[in-house]
Amino acid sequence: MGTWNTRGLRGSTLEELINHTNDSYREKHLALIQKIPTPITPIEIAKESRHITLAYFEKKSTVDYIGAVQGIPVCFDAKECSASTFPLQNIHPHQVAFMQEFEQQGGIAFIILHFTALDEIYYMPLSHIMRFWNRMEEGGRKSFTYEEVDKSWRITAKRDMLVHYLEMLQRDLSERD
């Protein structure tokens, strides 16, 4: 199998890139991160293929990923944005509450945000998200722009780690001390 690069995976979703990276992290014993499936209740199932054709979400999910990196609990959500403005309605209040509680328990919570039109991916610490969230809660704008994102938190690919977020996680940890 040849090497992959992000240019060749333009049609892939952010979650597929993260899943591939998490597999690499696990194989290298760097981290153990799992994708949390969204709980659904099937309504209709096709008889021939036995595929679910209609379902509804059972309950609100928390975040997309949860696990541990070198003994540190982490949770994060993967978000994609096709415009240069990210609507905060794409992050649900129960997700923010979960991430805040997760950090209160000693974990690290963040969002991986992909600006698809620019093909740029950013690690956004919960503190950055909260700055925008609090602004919205105080009656300010209900979104944040690409220009407002700290570009020093950009995630780059490293070999088979297509969304190599561990470097930014390390920075996040060091800036908390």
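Here is a walk through this predicted model, from its overall layout to one helix and its aromatic rings. Residues are numbered from 1 along each chain as its sequence is written, and side-chain values use heavy atoms, with hydrogens and water left out. Since the model is predicted, local features need pLDDT of at least 70 and side-chain atom pairs count only at pLDDT 80 or more, while totals for chains, interfaces and linings use all residues.

Let's start with the big picture. The protein chain has four helices and 10 strands, taken as DSSP runs numbered from the N terminus (H or I, at least four residues, for helices; E, at least two, for strands). Starting at the N terminus, their order is α-β-β-β-β-β-β-α-β-β-α-β-β-α. The chain has 177 residues, and 40% of them count as buried (under 20% relative accessible area with a 1.4 Å probe, protein chains only; exposed is over 50%, partly exposed in between). Take the contacts (heavy atoms within 4.5 Å) between residues at least 6 apart in sequence: 63% of them join residues at least 24 apart.

Now zoom in on helix H2, residues 93-104. H2 has 12 residues and reaches 17 Å from its first C-alpha to its last, close to the 16 Å expected (1.5 Å times one less than the number of residues). Which residues of H2 are buried? They are Gln95, Val96, Met99 and Phe102. Seen down the helix axis, the buried residues of H2 fall within an arc of 125° (taken from the directions from the axis to the C-beta atoms), so they line one face. They pack against strands E4 (65-69), E5 (72-81) and E7 (108-115), and against H3. Pro93 and Gln104, on the other side of H2, are exposed. Just after H2 comes Gly106, with a positive phi of about 95°.

The aromatic rings are next. Rings of Phe, Tyr and Trp (its six-membered ring) pair if their centres lie within 6.5 Å; planes under 30 degrees apart are stacked, over 60 edge-to-face, and the rest tilted. That rule gives 13 aromatic pairs. One of them, Phe115 with Tyr122, is edge-to-face, at 6.1 Å centre to centre and 75° between the planes, and both residues are buried. Phe132 and Phe144 are stacked because their ring centres are 4.3 Å apart and their planes at 15°. Phe132 sits in H3 (residues 126-137) and Phe144 in strand E9 (residues 143-145), so this pair ties together parts that are 12 residues apart in sequence. Phe132 is buried at 3% relative accessibility, and Phe144 is buried at 1%.
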